[in-house]
Amino acid sequence: MFIDRRRREFLNLDFEQLLADKGIDSTLLVPRHLSKSDKHAAAPESPYLPLEMFDNEDYDCRTPEDWLALGQAEESHRKPIPAKALLPEDDVITSDDLRSPPSEYCWHLVGVLDYSKEKSQYLVEKVHQNSSETDPKGMNSLVAGSKHWVPRIRLYFSAEDPRVFVERIQFALRYRENTEAQCLYQLSVNCMPICPGTPSINADTLQRIKSLVLSTPGFRPNDLERHIGDLEKEIKLEYDWTMNRMIFDKCVMSSPGELSHITLPQKESPYINLSLRKTFVPTLTNIIRSNLAVNKGPFNVNVSRWDVYRLCDLSKLMAVVRLNLQDSLRSLVQDSLVSLTQLLLDACHSLLACSQDLVWGNDLITSPYLPKKNPVFVVDLVLDQTGVHYSTPLENFETSIVALFDQGVLATHNIPQLDKFVLQKLVIHDVELLETVNLWEPEVRELRKKVSNSLVQAVIPLKAYAAEYEKHLELYNLDIKTFLKCHNEEQTFQEVKKEVEHHLKDMERIKHTLPHSIVIGPFAVLVEPVRQSLIQKRKALANALLDHFAMGLRKQLENACEAYNLMNRKLHEKPKNIEELTEKREWMKQIPEELKSFKEPVDGIMSDYEMLEEFFYNVSDEDFKKKWTTIQWPQQVMSNMDAVVIQHVEDEERFRKIQLADQDSFERRIDSLEMLVAGFANHVDLEHAHELSNKVQHTSKQLKECQTMAQTYNTRERLLGMPVTNYDRVHKLIKDFQPFDDLWKTTSNWLYWHERWLNDPLSSIDPEQLEHNITDALKTMHKCLEHFKDIPDCQMVANMMRDQIEEFRPYIPIFHWLRNPGLRSRHWEMLSERTQMEMKPKANMTFSGCLELGVQNYVDDIAHVDEIAGKEYSIEQALEKMEHEWLTVHFDVLPYKETGTYILKSPDEVFQLLDDHIVMMQSISLSPFKKTFEGRINTLENKLNMTRDVLKEWLTCQRSWLYLEPIFSSDDINQQLPVEGTTYKRMDQTWRRLMKTAFDNQKVIELCPDATLLAKLKMCSKLLEQVQKGLGGYLETKGDSFPQIPS
């Protein structure tokens, strides 16, 4: 009957709904198939481990053989055991290869057929309902489907409690999640490199470990000697891994967002709890059952009925066992807590009386705070950018040990009583726990308080000790590159020597004043890494200074070698002419003096190298070679100079021969140029003027070259000691050619200008340049007429050109008039009216077109219109200039004290500009040419006058406001003069609005020309005047001493 009731209870429970209620996704029970991206991923996406690896068989109520026995019939024919299995939806046989394509899984009705011990899996067969066939009871018949091998964690038997199976799945999922997180954590730490500066296990600690191993009874030292190296590497590797793990844990805790995929391993449950649950309880259970197994009387451990159990002696025995266990457990916890507390008190006994303001002192090697036995904790002293601290924060010791204290108590709170484990046939639903020590007990609280107080006191000397190392922080954090950048480049060796000796002495001082380690109460402080870092930093600074100085010497050697090398290269340069040869001889005379000037700095460099040897400095091979090369250079230069002197004698003779040949060729060239110049007297054809101009330019260039060459040959003759040749005929030839050059260049230019001035648009012609060119051309032609008195043909050409220029000269004023910038459409209309010709400005208008119209016949009319245009243009320019100047004139508006409003700075420059422009406008108003701009003139003149009136009224009002503002800011005055106070407030509101407007728009010409603004200012002045009169009467009545009101 009990079995039937349990079967009905299990059938009423929906297994898949139970999974959903627990938040379990069935797809997580199947291993995730690896994709292509997973092959290259740093870590595969969770879950990636098969769930059956984490199955807990303790949840199983039957063995595999017992489950299969449920289907064994009397006729030895085994029937399938009904169950549900997580299988793929299709009937394809699943593969164990995780790289196979994924399938969709769901819970199917199955029949369990067999079990494989090798695979630890059940063979199941899918069961489908056939709607076309029914059994005798009217139910759909079942049809067998495909067969699959499945692990137990994905197989739910219908005869087991679904709630227990869901807990089984939940346990496996949680176990797998923790395992995968631990794998990723371990992989991350294992892949970390050993960071530079990370503390490593010191030699003393390693030696102590070896001593303890060798002192082990029965140990054979010969076995250790063969493997000592491997064991040391293993210990160092384990130490480095532990340091990396601590660094990694700190990084994960400080950057939870970036490393959210990393889960730090949870603190393991206390070993006591683990031992009691997994060893102590099973051992006692086995002992009791083994001793009572053969007893079938009152101590029958296989009793299955509660009424029998309560009446037999076995229940009394189990009660005695429970009480003894509780007493033992309580004694165990109490003794452990007392031992822990006493251990810490013994270690902290010498520092319990330390005050919070403790100062350690100068002795950093000897500790006055020693434990009775051995220290409990090991910490590293750390110096970095953040300051002096310890590898483990000191505040963590108190919290961690107190937490460990509490965990030691709580570890014994979940120990089950033995009844359920001993009486396995008896149905016990709720497992009761053994009673033990609680955290709230007075004895426990007293011990916890002692532990906490001792650890709080213990960190006081540690903080004081760390404070003594703050003076080393600057050295520890000093960057050598930065130090060298700030170093003086021009230090002498004596200064460098003094500084190096200072660093070496400080290094020795650190060696003798800092310990390898020191014991302070319960703490063993490892100082060796800091000590070594400071020693190495001082040594590195000394070496860096020597390297830096040696680098400076190397640069000086390079500069000296470069100077010698440059001198040597210049010495071997081959002169190209006698000038270079003479210059080189003069330079060579100075070489001995230059070598002497190099000797002193080179000797200084060599002396510095000798001084470097005082510090046993190792000079590089390259520097050594450069050093001796520099010493050899002077002798090498002098030896090369002797060879060069002999070569120069040969070069001088060669240059003399070249000189004679060049002068003969030069004489022939002069003869040909004389014939060419004489031939210009026969050229008179104006049609070829441009060609003759080009020929003249070419000939002029040749003559200038000959003049330069004559000077060069004379100079070389002097340098070679040869007689100086007279080349006066070259100068005479240039003088004779000059008139031809002037004639044909001017003629060519005139023909080009004349054509351009007649036919190019007038807008492209500059009248000033035109007049200048005509004047210069006319002067040149008058000179040519004088020079060519003896050459009639050339004089005729000059005469013809002079006549053409004189004929064109009267048109110069017309060009000026037509190019007047003040000409407007109205002037062209006026000109058309006076000349009775239609004249309009066009972009392509030419002077030849104007001549065709006959403008040369209306010179007076054009001059009259041009005068009007010029005067009007002057007025227009003046108006534009004034308007442009006002665009850049601004008020200087300043905040006034703490009033929240503004005042105007005295605008003296604005008044000066106003006066100048008003005078100028009056002058323009009297001009007879103002008619065109009369409206513009009146507008600007009105603006200027209005601006002047507004500014004067504004400043007058501001002076009165500045006087009254501090007076009427007092509530006392406003109470005694209510009428004047109200009037002042009304005026003050208007004043503040005006000043806010001025602050927002500070352009004078935009704000001031406003009649409304002037009216507001006058109203303000009138109100202020009323307030001043009322205030004056009040002062006369009261006779108080107030400053006089300004008039």
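# Helices, loops and contacts in a predicted model

Gln-659 lies in helix α20. Here helices (H or I, at least four residues) and strands (E, at least two) are DSSP runs, numbered from the N terminus. This is a predicted model, in which local features need pLDDT of at least 70 and side-chain atom pairs count only at pLDDT 80 or more, while totals for chains, interfaces and linings use all residues. Residues are numbered from 1 along each chain as its sequence is written, and side-chain values use heavy atoms, with hydrogens and water left out.

- At 2% relative accessibility, Gln-659 counts as buried; buried means under 20% relative accessible area, exposed over 50%, and partly exposed in between (1.4 Å probe, protein chains only).
- Leaving aside residues up to four places away in sequence, Gln-659 touches Tyr-713, Arg-716, Glu-717, Leu-720 and Met-722, where contact means heavy atoms within 4.5 Å.
- Ser-1021 lies in helix α34, which covers residues 1011-1038.
- Ser-1021 is also buried, because its relative accessible area is 16%.
- Ser-1021 touches Glu-953 and Cys-957, again not counting residues up to four places away in sequence.
- From C-alpha to C-alpha, Ser-1021 and Gln-958 are 8.7 Å apart in space, although 63 residues separate them in sequence.

**Helix α19**

- Helix α19 (residues 591-612) has 22 residues, and the distance from its first C-alpha to its last is 32 Å, close to the 32 Å expected at 1.5 Å a residue.
- The expected span of a helix is 1.5 Å times one less than its number of residues.
- At Lys-599, α19 bends by about 25 degrees, and the proline Pro-601 follows within four residues.
- The bend at a residue is the angle between axes fitted to the seven residues ending there and the seven starting there.
- The buried residues in α19 are Ile-591, Leu-595, Val-602, Ile-605, Met-606, Asp-608, Tyr-609 and Leu-612.
- These buried residues pack against α16 (493-513), α17 (528-571), α18 (578-588) and α20 (621-679).

**Pairs of packed helices**

- Two packed helices are described by the angle between their axes and the distance between the axes.
- Axes are lines fitted to C-alpha atoms, for helices over the stretch in contact, and angles run from 0 to 180 degrees between N-to-C directions.
- Angles under 35 degrees count as roughly parallel, over 145 as roughly antiparallel, 65 to 115 as roughly perpendicular and the rest as oblique.
- α17 and α19 pack at about 160 degrees with their axes 11 Å apart, and are therefore roughly antiparallel to each other.
- The contact between them involves residues including Leu-546, Phe-549 and Tyr-564 of α17 and Ile-591, Phe-598 and Leu-612 of α19.
- The axes of α10 (residues 313-348) and α13 (residues 442-467) come within 10 Å and cross at roughly 25 degrees, so these two helices are roughly parallel.
- Among the residues that make this contact are Leu-337, Thr-341 and Cys-348 of α10 and Val-444, Lys-450 and Ala-458 of α13.
- For α22 (residues 728-759) and α24 (residues 792-808), the axes come within 11 Å and cross at roughly 30 degrees; α22 and α24 are therefore roughly parallel too.
- Residues that meet here include Phe-740, Trp-744 and Trp-757 in α22 and Cys-794, Met-801 and Phe-808 in α24.

**Positive phi values**

- Most residues other than glycine have a negative phi, and most peptide bonds are trans.
- Ser-120 is not a glycine, yet has a positive phi of about 55 degrees.
- Ser-120 lies in the loop between β2 (105-116) and β3 (121-134), and is partly exposed because its relative accessible area is 42%.
- Lys-897, another residue other than glycine, has a positive phi near 50 degrees.
- The loop that holds Lys-897 runs between β10 (893-895) and β11 (902-904), and at 65% relative accessibility Lys-897 counts as exposed.

- Leu-352 lies in the loop between α10 and β6 (377-384).
- With a relative accessible area of 41%, Leu-352 is partly exposed.
- Leu-352 touches Ser-454 and Gln-457, not counting residues up to four places away in sequence.
- Leu-352 and Gln-457 are 105 residues apart in sequence and 5.7 Å apart in space, C-alpha to C-alpha.
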